[in-house]
Amino acid sequence: MKRKKRLPKLLKWLVAIIIVSLVILAIWWGWVRSHSNELWKIVSEQCVPHQQLSASTASPCINVILTPDAKRGYVIFKDRNGPLHFLLIPTAKIDGIESKVLQQPDSTDYLYQAWVARHYLAQQAGKPISREMVSLAVNSAYGRSQEQLHIHIACVKPEIQAQLGSQIENFSEKWSSVPYGINGHHYIARTLTESQLREINPFQRLATEVSDAADNMEKYGLALVAYTGYNDRPMYLLLANRLDIFGLNAGHTGDIQDYQCDLLKTENLF
C-alpha cells in the first residue's frame, strides 16, 4: 500500500518540476527574443549614423567601415563580456550564418576582415598577441542570442590550443572529425593556407565542401584558429560544429574562446 501511495506523489512532483522548467524556459526564450536585435540597433541607429555625421567618431563602435558601400560594410564593436573580446558586425541586416547573402560572389568576406581586425586585441591588451593566440567564432542560429551576424574575435582557450596543436598532423585540406571532439562536442576541421583563406569566403567553403551544409547552414557554427606549419608557414584550421539536440550541442563555437586571454600568461604556442 505504501508503495502505491508513493508512486502518485513522485509523479506529481515530476509533473510539477517539468511544468516549472517549461515556464522558466519560456520566460528565458521570451527574454532572448525580445533582446535579439540589440546589436543591429547599435549598428544601425548609433555607430553608422555617428560615423556619417562625423568621420572622427563611430561611438559606441570602435570603427565603422563603409566601403565599398554601406550594404557591404562592417563595424568593430567592443563586447562587454570580457576585457579582450571584440565583434565584427555587418552594416547590412544579415541575420546570421544561414543568410543567402553570405553565399553571393560579391559578398564581403566578413570572416577574413575579422581576422584582419585581430590587432584590436593587442591594442586593448597593451602588448603583442600572436596570431596563434587568436580565434574567430560564429555561432549557429540555435547557439546565438542575436539575430544579426556577428563574429567573435578573442583568444583561444589554452587547453583548446594545446589539444589542436597535438592533433595538427591529423588534419588536411579535406574535412575530417576532430579526434575526441572539442568540449565534449563533435567538430570537423580542415586546414587552410594564407591564400586559401583569402580565395574563398569560409561561409561559402563550408556550404560547398560539407555534404549537408548548404541546406542546413543555420545548424552550423564556424570557427577559425591559426598555427604555424612547416618552414614557419602561416596556416589555419577552419572548424565547424553542427547542431545535435541529443548531444546537447547547439552549434555554439564560442566555447573555444577565452575573453581573458590566459595565453598571454602562458604563451604556449602550437
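1. Counted in sequence order along the protein chain, the bonded cysteines pair as 1-2, 3-4. The model is predicted: local features need pLDDT of at least 70 and side-chain atom pairs count only at pLDDT 80 or more, while totals for chains, interfaces and linings use all residues. Residues are numbered from 1 along each chain as its sequence is written, and side-chain values use heavy atoms, with hydrogens and water left out.

2. Searching the whole structure gives two disulfides, a disulfide being a pair of cysteine sulfur atoms within 2.5 Å. In general, such a link is a covalent bond between the sulfur atoms of two cysteines.

3. One of the two links Cys47 and Cys61, with an S to S distance of 2.0 Å. The disulfide is right-handed because the torsion about its S-S bond is about 80°. Cys47 sits in helix α2 (residues 38-53) and Cys61 in the loop between α2 and β1 (63-65), so the pair ties together parts 14 residues apart in sequence. Helices (H or I, at least four residues) and strands (E, at least two) are DSSP runs, numbered from the N terminus.

4. Cys47 is buried at 0% relative accessibility, and Cys61 is buried with a relative accessible area of 7%. Buried means under 20% relative accessible area, exposed over 50%, and partly exposed in between (1.4 Å probe, protein chains only).

5. Cys155 and Cys261 form a disulfide, S to S 2.0 Å. Its torsion about the S-S bond is -70°, and the link is left-handed. Cys155 belongs to strand β5 (residues 151-156) and Cys261 to the loop between β10 (257-258) and α8 (263-266), so this pair ties together parts 106 residues apart in sequence. Both Cys155 and Cys261 are buried.
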